[in-house]
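Me: Hi! I'd like to chat through a structure with you, one bit at a time. Here it comes.

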Amino acid sequence: MVVAAYVFSCLAIGILAVVYEFIRLIRWYNFRIHAQHEPCCAADVYNRSRRNSGVSQLPMDEPPPCDCSASITSSEPLNLEGRTPKPFMSLTSSLHIAQSALYFAQMFGSYCLMMIAMTYNVPMFASMIVGHIVAYFFFGPLMSVEEEERIGDCCS
């Protein structure tokens, strides 16, 4: 009976690792959908125009400032001087609330998995690693490394 409970615990830990990676994928997807509907996002406009032009973007390239009146395909410089952000209006948006809830679930999952790793129980640690590997195998091709770093937390 004890062995069955131990095996079940290892399976549950592997599933928790898969769920953690799935939450990261959902956060990335929500972020990407929101960025597509934004009227103005300097990095997205810059990356999209660079991607379509066939020019490779160097990591040190800084995106230009944003100007919502400029078209994505225009060659004129973008700027957003004089526009003030409205942070308090975004606090009550449904997207912000959903992203906050997903961020909480992601952080809670990552700390739970960290505590499991800190038990130094090799089968549990191995099942956690296998769960991450399986999840990355299925979810990894859906996002690039840059997008994954943007959504992930610093410790995973």
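**Phenylalanines and neighbours**

Me: Let's start with phenylalanine 22: what is its relative accessibility, and how does it count?
Reply: Phenylalanine 22 counts as partly exposed, because its relative accessibility is 38%. The cut-offs are under 20% relative accessible area for buried and over 50% for exposed, with partly exposed in between (1.4 Å probe, protein chains only). Bear in mind that this is a predicted model: local features need pLDDT of at least 70, side-chain atom pairs count only at pLDDT 80 or more, and totals for chains, interfaces and linings use all residues. Residues are numbered from 1 along each chain as its sequence is written, and side-chain values use heavy atoms, with hydrogens and water left out.

Me: Thanks! How many aromatic pairs are there?
Reply: The structure holds three aromatic pairs. Rings of Phe, Tyr and Trp (its six-membered ring) pair if their centres lie within 6.5 Å; planes under 30 degrees apart are stacked, over 60 edge-to-face, and the rest tilted. One of the pairs is phenylalanine 22 with phenylalanine 139, which is tilted at 5.5 Å centre to centre and 45° between the planes.

Me: And which parts does that pair tie together?
Reply: Phenylalanine 22 lies in helix α1 and phenylalanine 139 in helix α5, so the pair links parts 117 residues apart in sequence. Another pair, phenylalanine 137 with phenylalanine 138, is edge-to-face, with 5.2 Å centre to centre and 85° between the planes. Both phenylalanine 137 and phenylalanine 138 are exposed.

Me: Switching to charges: how many salt bridges does a search of the whole structure find?
Reply: The search finds one salt bridge (a side-chain nitrogen of Lys or Arg within 4 Å of a carboxyl oxygen of Asp or Glu). The side chains of glutamate 21 and arginine 24 form this bridge, at 3.4 Å, N to O. Both residues lie in helix α1, three residues apart, about one turn of the helix.

Me: What else is glutamate 21 in contact with?
Reply: Leaving aside neighbours within four places in sequence, glutamate 21 is in contact (heavy atoms within 4.5 Å) with His132, Ala135 and Phe139.

Me: Okay, zooming out. What does the secondary structure come to?
Reply: The protein has six helices and zero strands. Helices (H or I, at least four residues) and strands (E, at least two) are DSSP runs, numbered from the N terminus. Of the 156 residues in the protein, 27% are buried.

Me: What about tyrosine 120, where is it?
Reply: Tyrosine 120 sits in the loop between α4 and α5 (122–139). Its phi is positive, about 60°, although tyrosine 120 is not a glycine. Tyrosine 120 counts as exposed because its relative accessibility is 73%.

Me: Last one: where is methionine 118?
Reply: Methionine 118 is also found in the loop between α4 and α5, and counts as partly exposed at 47% relative accessibility.
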